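This report describes how two chains meet and how some of their parts pair. The structure is shown first, and the notes follow.

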Amino acid sequence: MLKRMMFAAFLVVGAAACKDEYAFDQAVAGDTDSERVPRPKTDGQFLRSVYADLLGRAPGQLEVEIVDEGGNTLSEFPLDEQELLLVVLDGVGDDDAMRSLVVAGLVESEELSLPAKADVADPAAFVSEQFRNFLGREPNAYELDAFVAAWSRDPAVDPKVVVRAIIGSREYQSQ
Amino acid sequence: MTTLSRRNLFRAAGAAAAGAAISRGRPALAGRTFAAKRSVIVSIAGGLRLSESLGMAEGATMPNLFGRVPLVSGFGDDDAGPTRIAPGYVSPQLVLPPERRVPLYTEGALVANLRYAEGVPGHLQGAACLTSGLYNDLDNREDARLEAPTLFEIHRRQTNAAALDAWYVSNVAGFYRALQYGGHPEFGQAFAGSWVSPPSTANAIVPLVTRGNKRIRLDGLPIVNDSPESNRAARELRAVLDGNTPAYGADVLQQRTEDSAAMEDYLAEIYGDPTYQSFYPDAIGIGTVGDGGGLDATGDALTIYHTERILERFKPSVMVVSLIDIDVCHDDFNGYLESQRVADALVTHLWDFIQSTPGLKDETALFVLPEHGRQLQFNGQNTDTLGRSGLDHGGGDDGDRDVWLLALGPDFKPGVHAPTNIEQAGRGSGRYETIDVVTTAAEILGHGDVMTSTLTGLGKRPGLVMEGILR
């Protein structure tokens, strides 16, 4: 198993030849169109915003210690969170699916403590708080009703799913 | 759609416009039926010369595909022996399955003189040719677009198929995403194929990094919990929000919600496996010996393993797969030979998997070929103890352009083929060409005429259906 985890860490380094890439981020100077069509965040923008809004920090170095069943240290190495996750995000042509999976992992991060569903006494207040946290606004009446109704009706809807839904929304994902 | 009128124009122009194919090649026609229901094109990419593969000039590097006796003239008629690795060369020890007793080429049609006739002999350009049937000089940029539609787009538009019915699986990520769809105005991102690079995604990065565990026990590896139920629930709530938000512009690639959800479920299964065997299982038995003595994957191995998983799960109609590991040849000739051995085992594994899987067996056409070759002259980089150095590609000599095709499936006529009388206006080779492979793959799907008429409408020379290798 260790080799597989290490493999994950050094994959990005092992590029073969002929992989030079010229990335262009299109920009329009002097665009005065106030009806601008939204564009999705780049992968880098997405990662930085989701780390900031969810974990309260920027992506950085994760110092990992691998221990065996007896608790003995086998290896220690750093993982560059942004560099590694950018590689993963770049590896799937459907940004929506891969970003959703990254968030599914982050909502269970050791750094985050979302409450269990049973511990949320006021679902409407919880939902409203998440709208403020991630979108910077209150939910409108329709949104709040829909979220609270789903909370009651659908056993799969819990705090993690609420957060994932908001982060996955086009409103959050747009530049 | 204008394709119909283009087709009519094409037919009216007949031989003069498109080039009359003589008995062994012809323009695509509608209406023919095939036993195969899907076309899978696998490119043993990175630049593979005829001399090392079919010529076996450095020993039999691909014995499972081609046996041990050279299959092209000029390299003798004797057993080529084992792969000739230079004394002193240090590399990871390969793990390979036992060799097949009967090489695969005997079960299919081997075109031993295929020609990559035009376009830059570069990896992206060769891969782009294999997705579109268009020789091209596409820029190495993620936002570069082919003039022609890809096979994915043609298939999806013509059949209203889901994105998960058309896949591009690539060892290389980055700018290869440009090949999900082209820039043709009648097609485009609405019909883009699904695209994944297993070496970038099929690893423990996501669970390791996102879970943030600083102390990881081998008996409790982190996973990502993303059940189909939570995926569904999150997407339903997300739709509430998206209903109030302006849509992205038409130039932004967005797969249909159900396709994205299915893609997420597929990847979630991989990241949710606490054994980590879903990334690359020891049982596949192809790779290199790792530090701890276990099996390590190579980039090509991950690519083929997950190609099999995608085929098994989605049974797509069209798939293009790009390997790349042999490209180490720029400065590692021995690594080039070793990577051929691995690719040989992997492609054989893929075919055996297809032929042992209900729903794939006897209804899959598999086209295996290099995307281009490599130049004839060594480049002087990192000369080994046998006097061999690296080999580049891109100059466009015969080493770069003389390649081969192995076609496996129920519709191919077994045998070794090397026709030199293939005629078409603008075709100087007289041989089957790389673009013919794509046209034939499209023809099997029922889209050969659309591909042909679309390319003709762009003023490009379309490929011919490879009549001579079809039953």
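## A strand pair across the chains

Strand 1 (residues 61-67) of chain A pairs with strand 6 (residues 215-217) of chain B in the parallel sense, over three bridges. Two strands count as paired if DSSP finds at least two bridges between them. Helices (H or I, at least four residues) and strands (E, at least two) are DSSP runs, numbered from the N terminus. Ile66(A) has Ile216(B), in strand 6 of chain B, as its bridge partner.

This is a predicted model, in which local features need pLDDT of at least 70 and side-chain atom pairs count only at pLDDT 80 or more, while totals for chains, interfaces and linings use all residues. Residues are numbered from 1 along each chain as its sequence is written, chains are lettered from A and ligands numbered from 1 in the order in which they are written, and side-chain values use heavy atoms, with hydrogens and water left out.

## The interface

Chain A brings 79 residues to the contact and chain B brings 82 residues, where contact means heavy atoms within 4.5 Å. About 7000 Å² is buried between chain A and chain B, with carbon and sulfur atoms giving 61% of that area. Buried area is the accessible area (1.4 Å probe) that two parts lose on being put together, summed over both.

Ten salt bridges are found across the interface of chain A and chain B; a salt bridge is a side-chain nitrogen of Lys or Arg within 4 Å of a carboxyl oxygen of Asp or Glu. One salt bridge joins Asp251(B) to Arg39(A), with the closest N and O atoms 2.9 Å apart. On the side of chain A that touches chain B, helix 4 (residues 95-106) of chain A gives the most, with ten residues.

## A salt bridge within chain A

Over all chains, the whole structure holds 49 salt bridges. Glu81(A) forms a salt bridge with Arg57(A), and their closest N and O atoms are 2.8 Å apart. This pair links distant parts of the chain, 24 residues apart: Glu81(A) lies in helix 3 (residues 81-90) of chain A, and Arg57(A) in the loop between helix 2 (43-55) and strand 1 of chain A.

## A sheet in chain B

Three strands of chain B form an open sheet in the order 2-7-8, with antiparallel pairing. Its edge strands, strand 2 (94-95) and strand 8 (295-296) of chain B, each pair on one side only. Strand 2 of chain B is joined to strand 7 (residues 287-289) of chain B by two bridges. Opposite Val95(B) stands Gly287(B), in strand 7 of chain B.
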